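Please look through the sequence and the model shown here.

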Amino acid sequence: MSIHVAAIDLGATSGRVMRAIVDTDALDLVEVARFPNGPVQRDDGLHWDIKALRGHILAGLRQAFLDDPQITSIGIDSWAVDYALMAGERMLAEPFHYRDDRTARGVAAVHAVVPPDELYALSGLQHLPFNTVFQLAAEPPERLAAADHMLLIPDLVAFWLTGRVVAEVTNASTTGLLDPRTRQWNEALIARLGLPRGLFPELVQPGDDLGPLRADLAAELGAPAGVRVTAVGSHDTASAVVGVPMVRPEAVYISCGTWGLVGLELEHPVITDDSRAANFTNEGGVDGRVRFLHNVMGLWLLSESVRAWEAESGSIDLSALLAEAAAVTAPMPTFDANDPRLMPPGDMPARIAEQLREQSFPVPRSRAEFTRCIIESLAVAFADTVRTARGLAKREVGVIHLVGGGALNALLCQLVADRSGLPVKAGPVEATAIGNVLVQARAADTRGVLGAHATVERLREIVAASHTPVQFAPRLPALR
């Protein structure tokens with residue numbers, strides 16, 4: 001009676017292919033392949049190495065089918081906002097990386113036509129300079145004119161697998177061009193910005209069948225007959241939120257990886273002057289839910305610092321570094337983890353030190369102290385964002401669920417509890433892949449394995465039954 005599926009889960013620093021078996025109250029998730037992902041510098045800016053990414057995905061799927069010939073479905077999730085412009089089956093350019101600095105001119109071009117406050121009212125999205133709307137405005141007009149359609153990254157992978165051109169709605173909601181109330185493309189805004197309407201494909205919902213694997217690809221991968229591709233919450237945070245074992249209505253989530261997404265699951269968007277001033281976003285969730293959240297820079301600050309240190313002195317044992325940071329007893333200064341100067345790749349420790357000096361704070365002397373400073377600053381940012389979300393949504397908060405890679409960082413989890421004054425439940429680490437496979441399993445469940453008309457809450461019951469979170473209680477009244 002079990003359901004066998006595969007998940008392609010692409011993050012901004014690594015990707016993975018997972019296979020899963022889902023049963024009535026159990027979920028068995030196995031990592032089949034993990035591979036690096038990140039920006040590559042080309043002559044015209046930062047891009048994604050999309051050819052390498054495709055090769056890793058196909059190799060992972062090949063192994064998944066070899067390991068489990070009963071797989072019947074594949075789902076895809078990835079980071080948001082980035083895309084490929086397509087002419088037929090051909091990409092007109094390698095997809096740009098959202099950290100490329102071309103987005104600055106796109107922001108200026110869009111705001112010259114639609115002022116920031118009006119754009120927020122129309123889209124419900126927080127201002128991030130790399131939102132798709134700004135990236136499209138930075139494109140050469142001739143490239144836009146030559147394109148038949150735009151495919152966001154998970155939709156591009158689905159196209160490789162099926163040949164179908166679609167836009168899954170949770171990821172489309174991050175473009176700045178979807179109406180947050182109707183969940184349809186905002187035709188008036190698209191026309192006002194002078195973007196070709198044909199760029200924007202048919203919208204599909206999580207759980208929709210995107211069709212079978214292309215016959216040639218199925219043969220190449222050794223896939224069994226009848227394997228389908230199923231739309232999931234293709235924005236990785238949309239899948240991650242499904243994989244959060246929230247069983248209390250007053251729960252807040254932090255999906256912590258390269259970025260830290262801090263927010264609430266709501267039924268309706270919150271689009272007010274206050275939410276715009278706080279830079280909160282209203283993105284689409286599975287089953288029409290709203291992800292009301294704010295982006296915090298996340299573990300990018302630590303990973304980029306480690307990369308800089310390794311360039312100086314060779315490989316670093318991250319576990320040992322975190323243990324040393326946890327042993328630091330001296331008070332550490334904190335900095336603004338959301339400072340836009342910290343977003344591009346580069347010498348992160350130097351930029352953090354500059355920010356500390358601007359505030360007349362001492363610069364940490366050792367790498368352990370620097371690491372502690374970063375994690376303390378992230379904890380402050382997370383706790384502040386939780387309090388802001390609670391106020392904007394007028395909703396009580398009693399527990400924080402922290403999922404994703406950050407759930408492995410015990411120091412971060414404890415400091416979030418300390419700074420917020422709320423208990424933190426850490427895990428599962430693979431919440432995104434879990435949400436991906438559960439939406440697939442629900443779509444494939446023709447025999448009532450998960451129960452009739454399984455809701456998101458029912459899917460979370462399976463997560464809770466399969467994964468026991470690590471609990472962190474605040475040690476002091478909330479620090480501010």
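At what angle do helix H12 and helix H14 pack, and how far apart are their axes? Helix H12 (residues 300-313) and helix H14 (residues 348-358) pack at an angle of about 120°, and their axes are 7 Å apart. Here axes are lines fitted to C-alpha atoms, for helices over the stretch in contact, and angles run from 0 to 180 degrees between N-to-C directions. Helices (H or I, at least four residues) and strands (E, at least two) are DSSP runs, numbered from the N terminus. H12 and H14 are therefore oblique to each other; angles under 35 degrees count as roughly parallel, over 145 as roughly antiparallel, 65 to 115 as roughly perpendicular and the rest as oblique. On the H12 side the contact is made by Trp300, Leu301, Glu304, Ser305, Ala308 and Trp309, and on the H14 side by Met348, Pro349 and Ile352. Contact means heavy atoms within 4.5 Å. By class, the contact of H12 with H14 has seven nonpolar residues, one polar and one charged. In this classing, Ala, Val, Leu, Ile, Met, Phe, Trp, Tyr, Cys and Pro count as nonpolar, Asp, Glu, Lys and Arg as charged, and the others, Gly among them, as polar.

The model is predicted: local features need pLDDT of at least 70, side-chain atom pairs count only at pLDDT 80 or more, and totals for chains, interfaces and linings use all residues. Residues are numbered from 1 along each chain as its sequence is written, and side-chain values use heavy atoms, with hydrogens and water left out.

Next come the sheets. Strands of a sheet pair through backbone hydrogen bonds, either parallel or antiparallel. An open sheet of six strands has mixed pairing and the order E3-E2-E1-E6-E13-E12; two strands pair if DSSP finds at least two bridges between them. Its edge strands are strand E3 (26-36) and strand E12 (209-212), each of which pairs on one side only. Neighbouring strands of this sheet are turned by 20° against each other on average, direction ignored. Within it, strand E1 (residues 3-10) and strand E2 (residues 14-23) pair in the antiparallel sense over eight bridges, and Asp9 stands opposite Arg16 in E2. Helix H6 (residues 153-162) packs on the sheet and touches E1, strand E6 (73-77), E12 and strand E13 (228-230); the direction of H6 makes about 150° with that of E6.

Helix H17 (residues 431-444) lies across E1, E2, E3, E6 and E13, and runs at about 140° to E1. Thr432 is found in helix H17. With a relative accessible area of 14%, Thr432 is buried, where buried means under 20% relative accessible area, exposed over 50%, and partly exposed in between (1.4 Å probe, protein chains only). Leaving aside its neighbours within four places in sequence, Thr432 is in contact with Asp9, Asp77, Asp236, Ser239 and Ala240.

A further open sheet has three strands in the order E8-E7-E9, with antiparallel pairing. Strand E8 (90-91) and E9 stand at the edges with a single partner strand each, so one side of each is left without a neighbour in the sheet. H6 packs on this sheet too, touching E7, E8 and E9, and its direction makes about 105° with that of E9. Strand E7 (residues 83-87) and E9 pair over four bridges, with Tyr83 opposite Leu152 in E9. In a regular strand the side chains alternate between the two faces of the sheet. Both faces of strand E9 (residues 149-152) are covered: His149 and Leu151 on one side, and Met150 and Leu152 on the other, are all buried.

How many aromatic pairs does the structure hold? There are eight aromatic pairs; rings of Phe, Tyr and Trp (its six-membered ring) pair if their centres lie within 6.5 Å, and planes under 30 degrees apart count as stacked, over 60 as edge-to-face and the rest as tilted. Phe280 and Phe292 form a tilted pair, 4.9 Å centre to centre with 35° between the planes. Phe280 counts as buried at 1% relative accessibility, and Phe292 counts as buried at 0%. Trp309 and Phe370 form an edge-to-face pair, 6.1 Å centre to centre with 70° between the planes. Trp309 lies in helix H12 and Phe370 in helix H15 (residues 367-393), so the pair ties together parts that are 61 residues apart in sequence. Ring pairs also link Trp48, Trp79, Tyr98, Phe130 and Trp259 into a cluster.
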